[in-house]
Amino acid sequence: MVEPDPRRSIPRTDHLLALPEVEAARDRLGEAVIRAVIADAQSRARSGELPVAEVTPTVIAAVNDHGASSLTPVLNATGIIVHTNLGRAPLSPAAQQAIADAAGYVDVELDLESGKRSKRGVGAKQALLRACPAAEDALIVNNGAAALLLAVTALRGSGSALRGSDSSEQGNGTAAARPVTPDEIIVSRGELVEIGAGFRLPDLMVTTGMRLREVGTTNRTHLADYAAALTPATASLLKVHTSNFRLTGFTAEATLPQLRTLADDHDLPLIADLGSGLLTADPALPDEPDIDTALRAGADVVIVSGDKLLGGPQAGILLGSTAAIERIATHPLARAVRTDKLTLAALEATIAGRGNPVHDALHIDLDRLRERTETLAETVGGSVVAHDGRVGGGGAPGVPLPGWALEMPEALAAPLRAGDPAVVARVHQGVCLIDLRCVPEAADDAVAAAIRTASDCLGEGA
Ligand SMILES: *Cc1c(COP(=O)(O)O)cnc(C)c1O
């Protein structure tokens with residue numbers, strides 16, 4: 001007699017849908033995800049990959065483990081602190097709590113005492129101003145690119161209005177002296193940055209209908225180059241931090257104080273896009289510009305991202321003079337790049353709180369990092385090697401952050417990524433490097449367990 005094909009007894013969809021665990025997960029995951037999980041288990045059983053008896057437990061485990069979003073939390077073992085592909089800055093516990101607290105109804109634009117409407121984002125703004133005394137005012141928008149777009153658009157040709165020598169509000173500060181609409185942004189050829197994934201700051205700025213007036217050469221730009229490019233159409237002077245590459249050798253650039261003089265002489269706004277977002281100078285990154293210094297050096301507005309070295313949520317932060325920020329905040333485009341309550345909450349908590357994971361990873365105790373790496377090697381094998389971490393994602397380009405990593409076979413990287421928790425290591429020159437710099441110490445055991453599981457996977461595959 002022929003054995004009945006066990007695949008004919010694969011649990012049916014309606015049976016699996018009715019399981020109490022599946023029923024309970026329905027509100028969280030939704031019908032489509034639940035059905036996809038079931039179909040996947042059934043199909044793996046049909047192909048023989050999954051024993052029929054495992055279908056029900058597999059479905060139950062899958063719905064229990066399935067996050068409500070498809071984003072999978074990752075342990076970042078690359079040694080790259082601000083990793084754009086991994087969501088840039090990991091938030092501090094305080095910032096995470098602030099997001100949870102702000103998730104429901106919240107007084108983001110209401111004064112609870114008077115019952116009247118209040119200004120959005122006041123708390124985050126005040127935290128920024130406390131941290132950057134050189135700034136008179138601040139505005140928070142969706143991201144750094146939006147902040148740049150908004151600043152060049154709103155400040156075009158507003159020089160004298162920013163310094164109070166013109167009483168006309170909005171509009172063209174020196175309309176009488178300027179027969180043409182100022183629409184040229186003067187920027188150095190050495191600072192035309194592509195920020196990633198094919199996005200280029202120059203392309204972004206011309207989408208506003210403005211024109212870029214490139215000055216200098218790739219390696220050298222002098223104040224005289226800016227001066228020679230001035231015309232009645234000049235809208236602003238822009239200085240961009242070359243945040244993801246380094247220009248070395250025979251180089252020259254005009255400094256912010258030099259550009260300030262030129263801007264003053266010609267009634268032009270001076271905008272500084274710093275990208276990375278140090279609030280104040282950090283001795284660990286001596287070449288990285290900081291907001292405080294840039295403002296004191298004379299920028300009308302400084303732009304930084306919230307989720308780079310600042311260690312906060314995705315945001316674009318504009319800091320500067322009262323007049324400049326007022327002009328920017330009231331431009332119609334500002335509403336289109338407005339930031340949400342969750343970001344405001346997380347940013348305020350990040351700035352007000354002490355320390356955050358980005359700061360901790362940057363200033364990690366190297367002896368402790370080595371000890372942790374050695375402990376990992378004792379548990380799972382592999383060898384401890386010197387390994388440089390990086391700031392990554394638009395900060396301190398080319399600056400090595402000396403440290404340690406566990407060196408393992410390259411083949412381990414893929415099963416580590418596919419594991420639970422997912423561990424993303426660095427694959428470099430034929431090996432897999434596991435750098436604990438950006439891994440919370442409390443997760444070291446989880447990394448060890450993940451490596452064991454991944455090694456077992458490889459063993460089975462071999
Ligand atoms: C990162 C960066 C930007 C873009 O900021 P986002 O927050 O990613 O939009 C703009 N300018 C510079 C110099 C940068 O480094």
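This is a predicted model: local features need pLDDT of at least 70, side-chain atom pairs count only at pLDDT 80 or more; totals for chains, interfaces and linings use all residues.

Q: OK, and what covers the buried residues of α6?

A: The cover includes β2 (137-141), β10 (316-320) and α15 (341-352).

Q: What about α13, which residues are buried there?

A: In α13, residues 322-329, the buried ones are Ala 324, Ile 325, Arg 327 and Ile 328. Down the axis of α13 they fall within an arc of 160 degrees, so they too line one face of their helix.

Q: And what sits over the buried residues of α13?

A: Among the elements covering them are β2, α7 (144-154), α8 (159-162), β9 (301-305), β10 and α14 (333-336).

Q: Switching to cores. How many residues are in the largest nonpolar core?

A: That core has 37 residues, and those with the most contacts inside it are Leu 128, Tyr 226, Leu 237, Ile 291, Val 302 and Leu 319. Helix α11, residues 256-265, gives the most to this core, with four residues. Apart from it there's another core, of 30 residues, which includes Leu 150, Met 210, Leu 212 and Ile 325. Leu 128 is one of the buried residues of α6, and Ile 325 is one of those in α13.

Q: Zoom in on Leu 237 for me. Which residues does Leu 237 touch?

A: Leaving out residues up to four places away in sequence, Leu 237 touches Ile 186, Tyr 226, Leu 230, Leu 259, Leu 262, Ala 263, Leu 268, Pro 269, Leu 270 and Ile 271. Tyr 226 is another of the residues with the most contacts inside the largest core.

Q: Let's back out to the whole chain. What's the overall picture?

A: The chain has 19 helices and 14 strands, and buried residues make up 47% of its 462 residues. The C-alpha atoms fill a box of roughly 100 × 55 × 40 Å along the principal axes. Of the contacts with a separation of 6 or more, 74% are between residues 24 or more positions apart.

Q: How is the chain split into domains?

A: The domain assignment gives domain 1 (6-65), domain 2 (74-88 + 359-460) and domain 3 (93-161 + 181-354). The C-alpha centres of domain 1 and domain 3 lie 50 Å apart.

Q: Now the backbone. Where is there a cis peptide bond?

A: A cis peptide bond joins Asp 420 and Pro 421, with omega about 0 degrees. Pro 421 lies in the loop between α18 (413-418) and β13.

Q: And which non-glycine residues have a positive phi?

A: Two to look at are Arg 88, with a phi of about 55 degrees, and Asp 267, also with a phi of about 55 degrees. For context, most residues other than glycine have a negative phi, and most peptide bonds are trans.

Q: Where is Arg 88 in the fold?

A: Arg 88 is in the loop between β1 (74-77) and α5, and counts as partly exposed at 23% relative accessibility. Asp 267 is in the loop between α11 and β8 (270-275), and counts as partly exposed at 27%.

Q: Last one, is Lys 119 buried or exposed?

A: Exposed, at 64% relative accessibility. Lys 119 is in the loop between α5 (93-102) and α6. From Lys 119 to His 241 it's 122 residues in sequence and 31 Å in space, C-alpha to C-alpha.

Definitions and conventions. Residues are numbered from 1 along each chain as its sequence is written. Side-chain values use heavy atoms; hydrogens and water are left out. A nonpolar core is a set of buried Ala, Val, Leu, Ile, Met, Phe, Trp, Tyr and Cys residues joined through side-chain atoms within 4.5 Å. Buried means under 20% relative accessible area, exposed over 50%, partly exposed in between (1.4 Å probe, protein chains only). Helices (H or I, at least four residues) and strands (E, at least two) are DSSP runs, numbered from the N terminus. Contact means heavy atoms within 4.5 Å. Domain bounds come from an automatic or database domain assignment. The arc is that of the directions from the helix axis to the C-beta atoms.
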